[in-house]
Amino acid sequence: MEKIIVRGGKRLYGTVKVEGAKNAVLPVIAATLLASDGKSVIRDVPTLSDVYTINEVLRHLNADVQFDNNTVIVDASRVLKEEAPFEYVRKMRASVLVMGSLLARNGRARVALPGGCAIGSRPIDQHLKGFEAMGAKVKVGNGFIEAEVDGRLQGTKIYLDFPSVGATENIMMAATLAEGTTIIENVAKEPEIVDLANFLNKMGARVKGAGTGTLRIEGVDKLTGAEHTIIPDRIEAGTFMAAAAITGGNVLVRGAVPEHLSSLIAKMEEMGVTIIEEEDGIRVIGPERLKAVDIKTMPHPGFPTDMQSQMMALLLCAEGTSMITETVFENRFMHVEEFRRMNADIKIEGRSVILNGPSNLQGAEVAATDLRAAAALILTGLVAEGVTRVTELKHLDRGYVNFHEKLAALGADIERVNDVEESFVELPKYVTDMNA
Ligand SMILES: CC(=O)N[C@H]1[C@@H](OP(=O)(O)OP(=O)(O)OC[C@H]2O[C@@H](n3ccc(=O)[nH]c3=O)[C@H](O)[C@@H]2O)O[C@H](CO)[C@@H](O)[C@@H]1O
Ligand SMILES: C=C(OP(=O)(O)O)C(=O)O
């Protein structure tokens, strides 16, 4: 079994470079399906398992996809198939993002129902409501969602019950080729939405209002492949900012965009962390003692749910009582039990978690429950007494490229091993004394 093994106690120093954003690149690759002409060239693509999965989905749909040197090249000009089967959607829920493009391009899409996952039930009713409002007939049965439209989708007005990131993206993609104008209200304002809109506009779409609460999309007849560079990953950046802060280190997170990270920066400053905006990134200097704060996750520009577990790791080390309230997903506290295995003083009360810090954290064998939990457990291992072993690394590989190598380059005592290769055998004290 693969594990990451961390020995706590090292402060982190140096510079770490942020990759392109996972949550931007997945919808952008899905959007390349809209181009009936020309190739799309997407740069700064991270080598994540999710990227390989979305590329496989596109290949299955009959697009030609190449991925080399952090660049994805897609030629979707051939006739596309219409079905994204369960084997892909099971691996990665974001596979559902091909639905809007397929429906707009083909008039028909058949995508396996995504189902729930470790962080919640995650329905897609808002995506489907949007497609229906644009004239599609949507049928759910036998584990699939089928959407079909006679002729073109029709521009219309859609109000989302919740500013869902995926629904905003899926409906926006579908609307680019609709007849007439689509106005979507109460949309998500995440930087990844803006990145997708910028890419669509380079393809010839007419999308206005990205980053605000209302999108206005004038449908066009045809889209063409375009070139685009993906924005830096604000969650990977935030995770390294947390790594610097938790170890009392001094790290420049190169490529981090301060405007994408305002809520995190504000909370970290409240905790006593020094944040310096430099020309090419954000420098984070951890204090000797972190202060307790309260956090509530919200849609952007609120505090991101994807940083909730990493902040929990940080707050375990803060002095005083903190409360974290999760409002975006109903079940994103699976990591709490794993923190408890590391001796964390933490309890769940409804949709909140109460932490009494600082906990006397101890290394333990823990399992990642989702990708951000994987990162958070590793962060905790950086400061826990003794050795922490983190398993279920398939989650980590969905969202982080070379995570342990980047931490090791900053001075962490960390390695990734297969069980049989594990080199951190705990030797009895008389042996280490003899070797000293
Ligand atoms: C690939 C990607 O970009 N993933 C991100 C995206 O996920 P995703 O796009 O799935 O997240 P959403 O914003 O859609 O979901 C937010 C909330 O809305 C609910 N909901 C959503 C759609 C819907 O039709 N009905 C409904 O009830 C969800 O169950 C959840 O409780 O945004 C989340 C919220 O910032 C992030 O945590 C994920 O990292
Ligand atoms: C929850 C996340 O991703 P996904 O929506 O792909 O599961 C995440 O990036 O933290």
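Partly exposed, as I use it here, means a relative accessible area between the 20% under which a residue is buried and the 50% over which it is exposed. Keep in mind that this is a predicted model.

**Entry: Asn 343.** I looked up Asn 343 with that scale in hand; at 36% relative accessibility it counts as partly exposed. It sits in the loop between helix 11 (335–341) and strand 23 (346–349).

**Entry: Arg 122.** Here is another non-glycine with a positive phi, near 50°. I found Arg 122 in the loop between strand 8 (108–112) and helix 5. Its relative accessible area is 27%, so I put it down as partly exposed too.

**Entry: helix 5.** I moved on to helix 5 itself, residues 125–133. Which of its residues are buried? I noted Gln 126, His 127, Leu 128, Gly 130 and Phe 131. These buried residues pack against helix 4 (98–106) and helix 6 (165–176), and also against strand 9 (137–141), strand 10 (144–148) and strand 11 (157–159). Just past the helix, Gly 135 has a positive phi of about 105°.

**Entry: cis peptides.** The bond from His 300 to Pro 301 is cis, with omega near 10°. Pro 301 belongs to the loop between strand 21 (294–296) and helix 10 (308–316). Gly 357 and Pro 358 are also joined by a cis bond, omega about 0°. I located Pro 358 in the loop that runs between strand 24 (352–357) and strand 25 (365–367).

Methods
Residues numbered from 1 in each chain as written. Chains lettered and ligands numbered in written order. Predicted model: local features only at pLDDT ≥ 70, side-chain atom pairs only at ≥ 80, totals over all residues. Heavy atoms only, no water. Buried < 20%, exposed > 50% of the residue type's maximum accessible area, 1.4 Å probe, protein only. Helix = DSSP H or I, 4+ residues; strand = E, 2+ residues; numbered from the N terminus. Contact = heavy atoms within 4.5 Å.
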